[in-house]
Amino acid sequence: MAKIKKGDLVVVIAGRDKGQQGRVLEVRPKEDRVVVEGVARATKHVKAGRSRQGATQGGIETIEAPIHISNVMLVDPKTKKGTRVGYRIEQVERDGRTREVRIRVAKRSGKDVK
């Protein structure tokens, strides 16, 4: 199970974009990869074509390429630096039932991660 989820703020810890921060746009658990906003930008040549809505413009687009999940680290909400992720289990009572809920915790500061 990946400890990084869509919408998390992460920092790149390895590769040519080392040190950059961005939001996770997509998580691909089968490939162990994530797509981070503004990181690992690649150019893609798109051919002009037709679709049901109308003609699509061709040209060169820049897209975010997926990077390996081991090359990113969650940003600590308190220190704004990279941190490992841990879990805390809490008992929550809802509708008369008691359930165990896993809450993500930043190891560096101990603060909860949304």
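Visitor: Which residue in E2 is the bridge partner of Val11?
Guide: Gln21 is the bridge partner of Val11. Keep in mind that this is a predicted model.

Visitor: How many bridges join E1 to E2, and which way do the strands run?
Guide: Three bridges join E1 to strand E2, residues 21-28, and the two run antiparallel.

Visitor: What's the strand order in the sheet?
Guide: The order is E8-E3-E2-E1-E9-E10, six strands in an open sheet with antiparallel pairing. Strand E8 (67-68) and strand E10 (82-83) are the edge strands, each pairing on one side only.

Visitor: OK, salt bridges. How many in the whole structure?
Guide: A search of the whole structure turns up seven. One of them links Glu90 and Arg88, 2.9 Å from N to O.

Visitor: How accessible is Arg28?
Guide: Arg28 has 27% relative accessibility, so it counts as partly exposed. Glu26 is partly exposed at 35%, and Glu31 is partly exposed at 46%.

Visitor: New topic: which residues form the positive surface patch?
Guide: Lys3, Lys5, Arg84, Arg102 and Lys107 form that patch.

Visitor: Where is Lys3 found?
Guide: Lys3 is in the segment before strand E1 (9-12). Lys3 counts as partly exposed because its relative accessibility is 39%.

Notes. Residues are numbered from 1 along each chain as its sequence is written. This is a predicted model: local features need pLDDT of at least 70, side-chain atom pairs count only at pLDDT 80 or more; totals for chains, interfaces and linings use all residues. Side-chain values use heavy atoms; hydrogens and water are left out. Patches are made of residues with over 30% relative accessible area and no salt bridge: like charges are joined within 9 Å, nonpolar side chains (Val, Leu, Ile, Met, Phe, Trp, Tyr) within 5 Å. Accessible areas come from the Shrake-Rupley method with a 1.4 Å probe; for residues, only the protein chains shown count as cover. A salt bridge is a side-chain nitrogen of Lys or Arg within 4 Å of a carboxyl oxygen of Asp or Glu. Lys and Arg count as positive and Asp and Glu as negative; His and the chain ends are not counted. The place of a charge is taken as NZ of Lys, CZ of Arg, CG of Asp or CD of Glu. Helices (H or I, at least four residues) and strands (E, at least two) are DSSP runs, numbered from the N terminus. Buried means under 20% relative accessible area, exposed over 50%, partly exposed in between (1.4 Å probe, protein chains only). Two strands pair if DSSP finds at least two bridges between them.
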